[in-house]
Amino acid sequence: MRYPRGVAIVAVFNQKGGVGKTTTALNLLAAIGQRGQRPLAIDLDPQCHLSHVFGVHPRTAEDSIYSFFTRQRPLADIAQITKSGAILLPAHLELAKLDTMLGKGVNVVTRLRVALHEPGALPGPAVIDCCPLLNVLSLNAIFAADLLLVPVSADFLSLKGAEQVERALNALEPVFKRRLPRRYLLTRYDARRRMTAEVEGRMREVLRAEEVCVTRIRENVKLAESPSMEVDIFRHAPGSRGALDYAALYEELLGAGFLR
Ligand SMILES: Nc1ncnc2c1ncn2[C@@H]1O[C@H](COP(=O)(O)OP(=O)(O)OP(=O)(O)O)[C@@H](O)[C@H]1O
Ligand SMILES: [Mg+2]
């Protein structure tokens, strides 16, 4: 199916924890919003970090995307408009139960994709914040996505995590019958550290160099501060390196045709 202009689905995924997925989802959504589009934020992590940064705390699982997965509640009934003007499908701790409840059948892992392809489902580009597991929620994100954006923080264990993601995505290729579009994004980049340069060099060897983003997200304390104030980097510190880097990421993805 063809999307209307301006619409695309980006899943921010890495099985490794703490690599910058939520930071990337939050600030990519903000960059999209700044260009005048209304982004759709989808929180598929039982930790609910993205929902919390938006100041949204669903009281029960029923008020979250959990009810979409358990009883096909329409996404429009779950959606909330955030202070920054994004549309949010919030998470709840009970999402952690879905693996045992739903299994991983084809009908289950394509459920989000089908719903997002309904006419009028996407107000603008969608960004999905995944949890650090390849579970039924992450599979839903992968099946729905036009682009998998894989943050990799600049250390050796994260590099191992990226290789694991690459293997997992390649294992899914026979199902998709094509190479899933993906970009690896180096985060917490610090040019003064030798390890950063080593990890970056290795990334280009073990992954396809053209699938590594040119943009790097530098280590920036403003990026770490902004979630505690429930704002994105552009509102918290518009002149910071974090804001510059996430604006550059938006431009790179736009230029590569992943955001329309
Ligand atoms: N470029 C950066 N500079 C400084 N701190 C950063 C940067 N990116 C992320 N952080 C910080 O690193 C920590 C982990 O980031 P984040 O929560 O985005 O990772 P995650 O991959 O979503 O984690 P999880 O797997 O638990 O969902 C957070 O405290 C965040 O503020
Ligand atoms: Mg996260």
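**Exercise 1.** Which backbone atom of Thr-22 lies 2.8 Å from an oxygen atom of ligand 1, and what other backbone contacts does ligand 1 have?

*Solution.* The model is predicted: local features need pLDDT of at least 70, side-chain atom pairs count only at pLDDT 80 or more, and totals for chains, interfaces and linings use all residues. Residues are numbered from 1 along each chain as its sequence is written, ligands are numbered from 1 in the order in which they are written, and side-chain values use heavy atoms, without hydrogens and water.

Step 1. The Thr-22 atom is a backbone N or O, 2.8 Å from a ligand 1 oxygen; a polar contact here is a pair of N or O atoms within 3.5 Å.

Step 2. A polar backbone atom of Gly-18 is 3.0 Å from an oxygen atom of ligand 1.

Step 3. A nitrogen atom of ligand 1 is 3.0 Å from a polar backbone atom of Arg-218.

**Exercise 2.** Describe the shell around ligand 1.

*Solution.* Step 1. Ligand 1 is surrounded by 17 residues, each with a heavy atom within 4 Å; Gly-18, Lys-21, Thr-22, Thr-23 and Asn-220 are the closest.

Step 2. By class, five are nonpolar, seven polar and five charged; Ala, Val, Leu, Ile, Met, Phe, Trp, Tyr, Cys and Pro count as nonpolar, Asp, Glu, Lys and Arg as charged, and the others, Gly among them, as polar.

Step 3. Helix α1, a DSSP run (H or I) of at least four residues, gives the most to this shell, with three residues.

Note on methods
A polar contact is a pair of N or O atoms within 3.5 Å; within protein, one must be able to donate a hydrogen and the other to accept it, and residues adjacent in sequence count only if both atoms are side-chain atoms. Helices (H or I, at least four residues) and strands (E, at least two) are DSSP runs, numbered from the N terminus.
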